[in-house]
Amino acid sequence: MGVSLLGEKVILVPYMAEHVPKYHEWMQDPAMLQATGSEPLTLHQEYQMQLSWNQDPYKRTFIVLEKHSVVGEFVHGDPHVEAMVGDVNIYMNDPDDPQMAEIEIMIAESKCRGKGIGKESVLIMMAFAIKNLGIHTFRAKIGDSNTPSLIMFRKLGFEEISHSEIFQEVTLELKVTEAKSSELLCMMDNVVTHK
């Protein structure tokens, strides 16, 4: 099943089948497809994708729940679909550098943007990846028109390493220094982990 991570504003839970209908609804929005560089899928295809993500050892996907929207006591494994606001992922897909991970964040609920939810989700995911997967470099590929994400990742210390005119995409990178690792792992001490 994996772990759930509880921060100040968010709870990150494993992406489960119960989340798929709402996730699929988000991905019907052309703006969301463009922002995430995704192709539209049928609901059946979305269920297949969820299953493949959970079985892929080189991916970690968490659904972002807005903590104060979670109704009732939080129990690990409860999907709390009503509190879903987005997702955060890492992909360890560089065969030349298994300690590099691409990181993505999507806050699909517009009312939840600009509240620090995306930032906290990314920081928790980075701390989790350093502690549990030995990741030392993070990359983010962001559409060059997605100004809020570009600003957020730059504030987190990511630096531009390339720009693709063809894909209209900026690649940002953060090498995890000892200081950054200590800072993130210290933050992880304040994150409650449920197995």
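The lining of the largest pocket in this predicted model divides into 22 nonpolar, 13 polar and 12 charged residues. There are 47 lining residues, and those that lie nearest the centre of the pocket are Ala 35, Thr 36, Ile 105, Met 106 and Asn 146. The space in this pocket comes to about 1400 Å³. At least two residues of the lining come from each of the helices and strands in the following table.

| Element | Residues |
|---|---|
| Helix H2 | 30-36 |
| Helix H3 | 43-55 |
| Strand E4 | 84-91 |
| Strand E5 | 100-107 |
| Helix H4 | 117-133 |
| Strand E6 | 137-143 |
| Helix H5 | 147-155 |

Helix H4, which contributes to the pocket lining, also packs against helix H6, residues 178-189, with an angle of about 105° and with the two axes 9 Å apart. Because angles of 65 to 115 degrees count as roughly perpendicular, H4 and H6 are described as roughly perpendicular to each other. On the side of H4 the contact is made by Leu 123, Ile 124, Met 126, Ala 127, Phe 128, Ile 130 and Lys 131, while H6 supplies Ser 181, Leu 184, Leu 185, Met 187 and Met 188. By class, the residues of this contact divide into 10 nonpolar, 1 polar and 1 charged.

Gln 168 is placed in the loop between strand E7 (159-164) and strand E8 (169-175), and, with a relative accessible area of 52%, Gln 168 is exposed.

Technical notes:
Residues numbered from 1 in each chain as written. Predicted model: local features only at pLDDT ≥ 70, side-chain atom pairs only at ≥ 80, totals over all residues. Heavy atoms only, no water. 1 Å grid on protein atoms, 1.4 Å probe; cavity = no way out; pocket = protein on both sides within 12 Å on 5 of 7 lines; lining within 4 Å. Points joined across faces, edges and corners; volume = space filled by probe spheres on them. Helix = DSSP H or I, 4+ residues; strand = E, 2+ residues; numbered from the N terminus. Nonpolar A, V, L, I, M, F, W, Y, C, P; charged D, E, K, R; others polar. Axes fitted to C-alpha atoms, helices over the stretch in contact; angles between N-to-C directions. Parallel < 35°, antiparallel > 145°, perpendicular 65-115°, else oblique. Contact = heavy atoms within 4.5 Å. Buried < 20%, exposed > 50% of the residue type's maximum accessible area, 1.4 Å probe, protein only.
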